[in-house]
Amino acid sequence: MLYEIPRYRTSGERHLLVELGESVSLEANFRAIALSRALEASAGLGAKGIKAIIDTQPSFTTVLIEYNPHLLTQEGLKQLCGHHLSQLAQGEQIKLESRLIEIPVAYNDRWCRACFEDYCKTIKPIEDNLELICRVNGLETVEALIHYHSSIEWWVGTVGFIAGLPVLMPLDPSFKLRAPKYDPPRTWTPSGTVALGGGFTAIYPMVTPDGYQMLGRTPLTLFDPQSDQAPFEESPVLISVGDRVKFVPISEARFEEIEREIKAGTYQYSISAAQSVSLGELQQPLPLAA
Amino acid sequence: MISSPKLTPVRGAVQASSPVVEVLKGGLETTVQDYPGREGYLQMGIPRSGPMDPKSFQLGNQLLQNPADAAGLEIQFVGPKLKFLRATAIAISGANNRPKLNQQPLPMWTTVTVQAGDVLSFGHAHSGARSYVHFAGGLDLPVVMGSRSTFTRAELGGLEGRKLEKGDRLSSFLTDVTEKPQPIHHIQPLQRPAFSHQWNIEVLLGPHDDWLSEQDIEKFIQTDWRVSSMSDRVGYRLEGADFDFSPSAHHKSPDNGDHPSNKIDYGCHLGTILFCGQTPTILMVDSPSLTGYMAPFTVCQASLWKVGQARPGDSFRFQVIDQATALRRH
């Protein structure tokens, strides 16, 4: 799964792609995020110092690093990565600071259904998204699917593509939910759509083309570069890499109510303080009480 | 939101601005950009944005002795029509799109003084895709995430995050320059970027050159690539050859996907050459920060402006150079 020695891949003269493993795993992703954070904290080299390290983009098995090759050679950067990786705990002991964010979702909502109907009419007729996911995964009812999808904590493995779009991996190793992608992709997806593709869940901050199967829609704002109000006072994105997400089913009526509360500035986002958590702890299944 | 213009000129360190142009026609896609744009936000999915041809853009600011981060306008293919609201100095750089002031031809690559009521318009460029209008002092717009550059897909930066439209007004910072006769600066023809329909682009191997066969790499270099009409500030698509891919691309972890060009999502950036199936796509200034396609080559920094100036139908030839050579070009 993980390489013994990372593969360093040149991506132009200002970027280095560090590949930590050949397949997707929470462990590879934890290590990628930990390396990214260690590089950004490297005293004096990062954004607050001489800007030798300009940016990092962790993903499932890789970290892309943008650096200034006139201040830090590629060889020097590789050595720095090697050093940081050697400092990380092995296996399930690896720890990261992580917040838990609740995302209310109107599952099987009328806005995503309208988008689906538009696709059927203008591109080609396809199977209902939630029914397809039920069929592929052997679930009896759409209600069972909604209960299952919202029963676990999801791990934010990467954020990117377009402003603040998180891609989530299930933290419970026994959780199995998969979905094929649209072919051809949709030309648009409503903002706030929560969708499943492969074994990942994505949330769309804005109207965007995509191919994941639509599950529902959240009224929350995921990207706000202008606001200095909570939760955007420090970052323009609601969900950052290394956060955890718990979906909370809501009705369409509650969706519209939350929309109004957000507009009025009275909505209370549910975001826990960052806590240091180990991969081992997080992979314990949640008690089924809720 | 555009910041409210401060009408009282203040000299010295405090920067005051006042309205400088009114947009009579927006053109195809005219946007406010600055250089280098947004740095350090890949992890949030925010691209760099900024000018597609950073070379012309930087020269334009130098003509006016503007700060390096001064914002100007990027014109794509069809130019806008702008009416000046006060006297100022401007400079036009990039592709020669036949600028006119009050219907009279206006020279590019030089400083020009304009008066209130003057109207700036444009014709069409025969080569090159993008031109730049710079204003003395630079345009005054809110700095969003470290830059005034427009990223239209996320409605970010620039003027309300969008392209210019009829009726818009833009302000520029007041400088001493606007109140006294202009020192005239020129960029001599030999110092200007050389425009063409055949572009030689230098690339580095990687990150995934091991997913192509040696014959594939040779084919990439020997092919005259044609720039597709589906090319914009997000990416440039190329047409010209098909590839076999290497055994590593065919026999890989199933997490990567079915097609040999599919790869577990990873970080990508300005200059990455993705192979989307059989279609090489050069990621440009407004590109996504993650991709699921492999990338065997990356455009060197010094060649990026050429991609940004290429028109659909132009041709590309690629040359592989090494890291040390690429750094010497900076």
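## Exercises on a two-chain predicted model

Buried residues make up 56% of the 290 residues in chain A, where buried means under 20% relative accessible area, exposed over 50% and partly exposed in between (1.4 Å probe, protein chains only). This is a predicted model, in which local features need pLDDT of at least 70, side-chain atom pairs count only at pLDDT 80 or more, and totals for chains, interfaces and linings use all residues. Residues are numbered from 1 along each chain as its sequence is written, chains are lettered from A and ligands numbered from 1 in the order in which they are written, and side-chain values use heavy atoms, with hydrogens and water left out.

### Exercise 1: a helix in its setting

Find which residues of helix α4 of chain A are buried, and what they pack against.

*Solution.* 

1. Locate the helix: α4(A) covers residues 129-137. Helices (H or I, at least four residues) and strands (E, at least two) are DSSP runs, numbered from the N terminus.
2. Pick out the buried residues: they are N129(A), L130(A), L132(A), I133(A) and C134(A).
3. Recall a general point: an α-helix has 3.6 residues a turn, so residues three or four places apart point the same way.
4. Look for the partners of these buried residues: α3 (110-122), α5 (142-149), β9 (193-197) and β11 (213-217) of chain A.

### Exercise 2: the two ends

What caps the N-terminal end of α4(A), and which residue follows the helix?

*Solution.* 

1. Start at the N-terminal end: D128(A) is the cap, with a side-chain oxygen 3.1 Å from the backbone nitrogen of L130(A).
2. Move to the other end: G138(A) comes after α4(A) and has a positive phi, near 65°.

### Exercise 3: the whole of chain A

How many helices and strands does chain A have, and what radius of gyration?

*Solution.* 

1. Count the elements: chain A holds seven helices and 13 strands.
2. Check the radius of gyration (taken over C-alpha atoms; the globule rule is 2.2 Å times the number of residues to the power 0.38). A compact globule of 290 residues would have a value near 19 Å, and the 20 Å of chain A agrees.

### Exercise 4: over to chain B

Repeat the steps for chain B: what are its helix and strand counts, and its radius of gyration?

*Solution.* 

1. Count again: chain B has five helices and 20 strands.
2. With 330 residues, a compact globule would come near 20 Å, and chain B agrees at 21 Å.
3. Its C-alpha atoms fill a box of roughly 70 × 40 × 35 Å along the principal axes.
4. Finish with burial: 58% of the 330 residues of chain B count as buried.

Terms used
Contact = heavy atoms within 4.5 Å. Polar contact = N/O pair within 3.5 Å; in protein donor to acceptor, adjacent residues only side chain to side chain.
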